[in-house]
Amino acid sequence: MAETVAQSLSEELFEYLQHERYVTVGSIDYETKAPVLSAISWVVALDNHTIRIALDSRSRILTNVSQDPKVVLNLIGCGSTYAINGIAKIIADKMEGVPLKLGMLEVKIESVRDIMFYGSRISVEPQYEKTYDQNAAAKLDQQVMTALRTLAIT
């Protein structure tokens, strides 16, 4: 498949990012200036141009973004693989209504590229499972996703 480029999420990708997903985030390391990749699951699309991410407040991604706001999110879903480039901004050092100390990034999308190699399609999307108390995990996930959706920026 030829690389398809858009400036915003398609409706299909927007809907896909309404639930927890396995996504990787690439940023530029503030010390080495090398690209680094991290896996996350607390991600939600607010609209077709904006994605929010919750991260441990000690995450190196937060420090990286404070020095260089360019990021890329890699998403495997909707039958393909996507690179979502954007500019990230730290909008909360500590998310309210969440028992863990989590920071929040907001990514303004600059481009969405379908980067799947020619003649192929994703037939099985990545899956993961929480390895700690399932009830606690579900409660925390609900709190984090709600906070991602509802924080107003002042």
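User: How much of residues 10–94 is helix and how much is strand, and how far apart are the end C-alpha atoms?

Analyst: Helices and strands are read here as DSSP runs, numbered from the N terminus, where a helix (H or I) needs at least four residues and a strand (E) at least two. Over residues 10–94 the chain is 16% helix and 53% strand, with 30 Å between the end C-alpha atoms. These residues carry the UniProt feature "domain: Pyridoxamine 5'-phosphate oxidase N-terminal", which comes from an unreviewed entry; UniProt positions follow the numbering used here, feature names are shortened, and annotations may be inferred rather than shown by experiment. Please keep in mind that this is a predicted model, in which local features need pLDDT of at least 70 and side-chain atom pairs count only at pLDDT 80 or more, while totals for chains, interfaces and linings use all residues. Residues are numbered from 1 along each chain as its sequence is written, and side-chain values use heavy atoms, with hydrogens and water left out.

User: How many helices and strands does the protein have, and in what order do the elements run?

Analyst: The protein has three helices and eight strands, and from the N terminus on they follow the order β-α-β-β-β-β-α-β-β-β-α.

User: What does the radius of gyration say about the protein?

Analyst: The radius of gyration is taken over C-alpha atoms, and the globule rule is 2.2 Å times the number of residues to the power 0.38. For 154 residues a compact globule would have a radius near 15 Å, and the protein agrees because its own value is 15 Å. Along the principal axes, the C-alpha atoms fill a box of roughly 45 × 35 × 30 Å.

User: Which strands pair with β6?

Analyst: Two strands pair if DSSP finds at least two bridges between them. Strand β2 (residues 23–28) runs antiparallel to β6 and is joined to it by four bridges, with valine 23 standing opposite leucine 75. Strand β7 (residues 80–92) also pairs with β6 in the antiparallel sense, over eight bridges, and here leucine 73 stands opposite isoleucine 84.

User: What lies between β6 and β7, and is cysteine 78 there buried or exposed?

Analyst: The two strands form a hairpin with two residues between them. Most residues other than glycine have a negative phi. Cysteine 78, in this loop, has a positive phi of about 55° although it is not a glycine, and at 14% relative accessibility it counts as buried. Lysine 33, in the loop between β2 and β3, likewise is not a glycine and has a positive phi, of about 65°, but lysine 33 counts as exposed at 56% relative accessibility.

User: How many residues of β8 are buried, and which strands does β8 join?

Analyst: Ten of the 13 residues of β8 are buried, so this strand is largely enclosed by the rest of the structure. Seven bridges join β8 to β5, which runs antiparallel to it, and alanine 54 stands opposite methionine 104 in β8. Ten bridges join β8 to β7, again antiparallel, with alanine 83 opposite arginine 113.

How values were computed: Buried < 20%, exposed > 50% of the residue type's maximum accessible area, 1.4 Å probe, protein only.
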